[in-house]
Amino acid sequence: MAAPAMPLLLLLAVAGLALCAALLWLRRRPAGPEGARGRVCVAVLGDLGRSPRMQYHALALARRGHGVTLLGFLSTKPHRDILCNEKIHIVSISELKVLQVGPKIFQYITKVIAQAIQLFYTMLKIDRPSYILLQNPPGLPSIAVTWMVCLVRRSKLIIDWHNYGYSIMSLIHGKSHPIVQIAEWYEKLFGRLSDYNFCVTNAMKEDLQMNCNIKAITLYDKPAAFFKETPLELQHKLFMKLAKDCAPFKRGTDSIRPVVEKSAFTELDIRNGNVTQVKERPALLISSTSWTEDEDFSILLNALEDYEEYVSDGIKLPSLVCVITGKGPLKKHYNRLIDKMHFKHIQICTPWLEAEDYPVLLGSADLGVCLHKSSSGLDLPMKVVDMFGCCLPVCAVHFQCLHELVKHDENGLIFRDSNELAEQLKMLLLEFPTAESKLYMFRRNLRASKQLRWDESWEQTVLPVFRNN
């Protein structure tokens, strides 16, 4: 274990030197203008634009009068509401690349040390916050660094547990790998040093208490107010925008009716501005992903092959347009697989959507598919939360605590393999798009459920922590 322990020893050595330097520096530095009262730093060692829950935290705090420093990578643009809020100050940190020199363990150590120094220095430069609200994962080295900053600056550390970082690492390296074991030990040790904790499921709350001796409050993901069913006019506008780059959204021009603007799903009568749905339009299926190891998209692709056979065999089913949104490391791999597939009744596209366009597309879709399998079995897919906010029925792959979100045969369906998913697609899309279809029944159930929204849930669960402390 001597070699695997080196990352930890080097990290502690660098952290010790940085802490001494920071203490000396802070003794000479005057207090910031907000002097800690009420200011909150919302931090994630990741892409802010792809961290919606942390953006929602920042907006909720700002709406209740707190000054907010939102700290993270700016690889993707955050939501417009974040950019326009005067109480939210975005502090960008650079996304460091792995040094491509020497063995992989050396590259990893170098990156962790560089990130630790960068994060520590950046957190010392910002106005002193009362609280630092940190997303985990990623937690290495952010939990240890943030704890040291809180120690130096007399701030409170709040960790928002979305999952366990070591469980994600185990998907790549295996559970028995020394780096994974060190990451697990590190996460549990430094996680205990936080002042307060939130987590995303009751299952995770129980696990944190039992295995880490960490007391957490469950804050379920809830859809923001802008996740809702999309009016036909906005649907058409988005479809025409997407049609510029995505062939499945295009529709040929109509020489007989030149005053009609068409997408594959909608028609706009230019004379009076009326938008209607195209007769015998395809069904719009959507899935969003980070293209990582915890989502196996071969399940969906195999199910689509079965669906194609159903249509070819004469079963009365609509054509499908399947949109898979997101960025991530496995996107090129799956795009190569998609390019090799030849369908007559199915079209697939994999666009990246702007933050403002994503909820509009969800609110325009007919069915959502979720392939998220939690690496820990303890977190829930936020994409399903957003789909439910748009009253969009969902088919989701089974894992341990999914029942906390998806109620089988009530607001959606749960499947275990591609065969089950294909059967569910067939069942849901029979009689599409009539009100007699099973798909429409799920949508009615979602409309009637009157789900709690993020702001209401946040006010009930998170606000008391700030008020009472």
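## Worked exercises on a predicted model

At 18% relative accessibility, Gln118 counts as buried. The model you are looking at is predicted, so let's work through some of its contacts together.

**Exercise 1. Place Gln118 in the fold: which helix holds Gln118, and which residues does Gln118 touch?**

*Solution.* 
- Step 1: Find the element. Gln118 belongs to helix 4, residues 104-125.
- Step 2: Check the cover. Buried means under 20% relative accessible area, and Gln118 has 18%, so the residue counts as buried.
- Step 3: List the contacts. Leaving out residues up to four places away in sequence, Gln118 touches Ile93, Ser94 and Leu96.

**Exercise 2. Trace the salt bridge between Asp221 and Arg53: where in the chain does each partner lie, and is each buried or exposed?**

*Solution.* 
- Step 1: Start with the distance. The two side chains meet at 2.7 Å, N to O.
- Step 2: Locate the partners. Asp221 is in the loop between strand 7 (217-218) and helix 9 (232-243), while Arg53 is in helix 2 (residues 52-63). The pair links distant parts of the chain, 168 residues apart.

**Exercise 3. Compare the partners Asp269 and Arg271: is each buried or exposed?**

*Solution.* 
- Step 1: Asp269 and Arg271 form a salt bridge, with their closest N and O atoms 3.0 Å apart.
- Step 2: Asp269 is buried, with a relative accessible area of 16%.
- Step 3: Arg271 counts as exposed at 64%.

**Exercise 4. Classify two aromatic pairs: which is stacked, and which is edge-to-face?**

*Solution.* 
- Step 1: A pair of aromatic rings is described by the distance of the centres and the angle of the planes.
- Step 2: There are 16 aromatic pairs in the structure. One of them, Tyr164 with Tyr166, has its centres 5.5 Å apart and 10 degrees between the planes, and is stacked. Both tyrosines are buried.
- Step 3: For Phe227 and Tyr358, the centres are 6.0 Å apart and the planes stand at 80 degrees, so this pair is edge-to-face. Phe227 sits in the loop between strand 7 and helix 9, and Tyr358 in helix 12 (residues 357-362), 131 residues apart.
- Step 4: Phe227 is buried at 3% relative accessible area, and Tyr358 counts as buried at 15%.
- Step 5: Ring pairs link Tyr56, Phe226, Phe227, Tyr358 and Trp454 into a cluster.

**Exercise 5. Look at the surface around Leu171: which residues form the nonpolar patch there?**

*Solution.* 
- Step 1: Leu171 lies in helix 6, residues 165-173.
- Step 2: Leu171 is partly exposed, with a relative accessible area of 39%.
- Step 3: Together with Ile168 and Ile172, Leu171 forms a nonpolar surface patch of about 260 Å² accessible area.

Notes: Residues numbered from 1 in each chain as written. Predicted model: local features only at pLDDT ≥ 70, side-chain atom pairs only at ≥ 80, totals over all residues. Heavy atoms only, no water. Patch = residues over 30% accessible without salt bridge, like charges linked within 9 Å, V, L, I, M, F, W, Y side chains within 5 Å. Areas by Shrake-Rupley, 256 points an atom, 1.4 Å probe, with all protein chains shown as cover. Salt bridge = Lys/Arg side-chain N within 4 Å of Asp/Glu carboxyl O. Helix = DSSP H or I, 4+ residues; strand = E, 2+ residues; numbered from the N terminus. Buried < 20%, exposed > 50% of the residue type's maximum accessible area, 1.4 Å probe, protein only. Contact = heavy atoms within 4.5 Å. Phe/Tyr/Trp six-rings, centres within 6.5 Å; stacked < 30°, edge-to-face > 60°.
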